[in-house]
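The following briefing concerns the chain shown below. Please consult the sequence and the structure together while reading.

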Amino acid sequence: MTDTDDRLAVSVAGYLIKHDTDVFQHEEVEDWIHADIETFEGLSPSQRDELTREGIRMVRAHIFGDRVTKQARSLEALRSRWPRMIIEGAEFSLGPGWVPLLNRAAQRLDTYPSGWCALLRGAKEKFGCLVLHISYDRDERGSRSEVERLREEIRLTSLSICEACGRPGRLRMAGYAKTVCDRHATEMGIVRDEDGLYADPWTWAEPDARPSRSEAIVLGARSLQAFLADVVELEAEAETLEGRPRELLKEYAGYLVDAAKGAIVKTEYLQDYVRGEVAGWPDVLSHHEEDREWLRGWLMKMILAEYDRARRKQKLSPSQ
Ligand SMILES: [Zn+2]
């Protein structure tokens, strides 16, 4: 079996070298690995299927791993370039394609009067756009309008740049919203009817209005519904929830979906990822630890369902 494992590793490496690993081409990776495994001797059809699935899993892990590393490296460079502009412990949750926008923001903060005490405290992808978290002294004359203008400028610019790679992109609507280029749009799965109708998610409800808390909850509920639609067991479990868990699921539906869809980390980093995500949700720190524990547990279930869904999308439902 070790021989077969080695050969599989060679197949996977061959795929990774030949292809643009920045894009996950579902059909192509399946065909490639499958064709290569056909040349392995002495395997039953179900062993070949099993091996093909494992190969696809390995390709995915490599691509996602690369992307996470790339992003970590560029954020590190950002911090060392602007040590005075970015607070210690600033939290960033966004794809590598948008790191240049953070650079631009930090550069601008550096030009503000020192009395404003303007600092970048973090940034996050939200509804497909980049939202900056900036602290500053609001009582300083002119500070408020300028900082708000900068935040809006960066947010609007992010809606034209692929979050994954930095190429020109637009807002896409699938099970969730993301701003990506044509190539990365293929990773999002089935697009919704609304795709293309909105250039700016903050105008979904009415012109010039950002989603209010209640609108965000409605949007969250819709995306949770879409998420659970083909995860039968989890959907059934969600139906039976009562009391506090039911409230929490409603309140954080959108965050749970975003975090589950965005979990592109290797399994060994999942616990940390889950902990970090939940800690960053609004008001979550004012809830009981018990609530946070429940949210972490539920998020983990959704992530595992999402991983499973990704595997099933390979159109490799077990043949045995
Ligand atoms: Zn892209």
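What share of the contacts in the chain with a separation of 6 or more is accounted for by residues 24 or more positions apart? Such residues account for 60% of these contacts, a contact being two residues whose C-beta atoms, placed from the backbone, lie within 7 Å. The model is predicted: local features need pLDDT of at least 70, side-chain atom pairs count only at pLDDT 80 or more, and totals for chains, interfaces and linings use all residues. Residues are numbered from 1 along each chain as its sequence is written.

**Overall composition**
- The chain contains 12 helices and five strands, defined as DSSP runs (helices H or I, at least four residues; strands E, at least two) numbered from the N terminus.
- Of its 320 residues, 29% count as buried (20 or more other C-beta atoms within 10 Å of the residue's own; 12 or fewer is exposed, and in between is partly exposed).

**Packing of H4 and H5**
- Helix H4 (residues 99–109) packs with helix H5 (residues 143–158) at an angle of about 165°, and their axes are 11 Å apart.
- H4 is therefore roughly antiparallel to H5 (angles over 145 degrees).
- Leu101, Ala105 and Arg108 in H4 meet Leu150, Ile154, Thr157 and Ser158 in H5.

**Surroundings of Ala13**
- Ala13 lies in helix H1 (residues 2–18), and it counts as partly exposed because it has 13 C-beta neighbours inside 10 Å.
- A distance of 8.2 Å separates the C-alpha atoms of Ala13 and Val59, which are 46 residues apart along the chain.

Note on methods:
Axes are lines fitted to C-alpha atoms, for helices over the stretch in contact, and angles run from 0 to 180 degrees between N-to-C directions. Angles under 35 degrees count as roughly parallel, over 145 as roughly antiparallel, 65 to 115 as roughly perpendicular and the rest as oblique.
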